[in-house]
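Subject: Structure handover and findings

Hello,

Here is the structure for your files. Please open it next to this message and read the notes below.

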Amino acid sequence: YRCDATSGSDYVRGLGAQLIIYNQYPVFRPAKYDTAVFENIPKGRSILKVIARAQKPNKQNQAVSYKIVSGAGNSFAINVNTGVMTRGNRNIDYERQTYYSLVVRATNKA
């Protein structure tokens, strides 16, 4: 089940009852990040930091966790609490792959 992060709410009907799931997903600002990385960057070295904030912040949803959901192939990692991306366990080899497109998901910890 995947929620549409742009709508902010999903409505699911089943067995004659209505189940309403309301999720306020954090929003990345900016929505897209671009950077260049040298292929010889040491493992664990910081590359960039992504930032997402709750759409309607309150005490329960201010804390955000981050996860790379696709595109990293173990070449990149992300700190679940800070959003700092680092070089992962797999080497970055320009001759093997010249471009990476990563998808990062931010989730409220509440």
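The notes below go from the overall fold to the core, the ring pairs and the strands.

This is a predicted model: local features need pLDDT of at least 70, side-chain atom pairs count only at pLDDT 80 or more, and totals for chains, interfaces and linings use all residues. Residues are numbered from 1 along each chain as its sequence is written, and side-chain values use heavy atoms, with hydrogens and water left out.

**Overall**

The protein chain has zero helices and nine strands. Both are DSSP runs numbered from the N terminus: helices are H or I, at least four residues, and strands are E, at least two. Buried residues make up 28% of its 110 residues. Buried means under 20% relative accessible area, exposed over 50%, and partly exposed in between (1.4 Å probe, protein chains only). The chain exposes about 8100 Å², and carbon and sulfur atoms supply 50% of that. These areas come from the Shrake-Rupley method with a 1.4 Å probe; for residues, only the protein chains shown count as cover. Among contacts (heavy atoms within 4.5 Å) with a separation of 6 or more, 55% link residues 24 or more positions apart.

**Core**

The largest nonpolar core holds 16 residues. Such a core is a set of buried Ala, Val, Leu, Ile, Met, Phe, Trp, Tyr and Cys residues joined through side-chain atoms within 4.5 Å. Phe 28, Val 50, Tyr 66, Ile 68, Phe 76, Ile 78 and Val 104 touch the most other members. At least two residues come from each of β6 (64-70), β7 (76-78) and β9 (103-108). The largest share, three residues, is from β6.

**Ring pairs**

A search of the whole structure finds two aromatic pairs. Rings of Phe, Tyr and Trp (its six-membered ring) pair if their centres lie within 6.5 Å; planes under 30 degrees apart count as stacked, over 60 as edge-to-face and the rest as tilted.

- Phe 28 and Tyr 66 are tilted, because their centres are 6.3 Å apart and their planes at 50°. Phe 28 lies in β3 (residues 27-28) and Tyr 66 in β6, so the pair ties together parts 38 residues apart in sequence. Phe 28 is buried at 16% relative accessibility, and Tyr 66 at 6%.
- Phe 76 and Tyr 100 are edge-to-face, because their centres are 4.9 Å apart and their planes at 80°. Phe 76 lies in β7 and Tyr 100 in the loop between β8 (84-87) and β9, so this pair ties together parts 24 residues apart. Phe 76 and Tyr 100 are both buried.

**Ser 75**

Ser 75 sits in the loop between β6 and β7. Its relative accessibility is 1%, so it counts as buried. Beyond neighbours within four places in sequence, its contacts include Arg 87, Asn 91 and Tyr 100.

**Strands**

Two strands pair if DSSP finds at least two bridges between them. β6 and β9 pair antiparallel over six bridges. Ser 70 stands opposite Val 103 in β9. The covered face of β9 has Val 104, Ala 106 and Asn 108; the uncovered one has Val 103, Arg 105 and Thr 107.

An open, antiparallel sheet of three strands runs in the order β4-β8-β7. β4 (46-49) and β7 are its edge strands, each pairing on one side only. Three bridges join β7 to β8. Phe 76 stands opposite Arg 87 in β8.

Best regards
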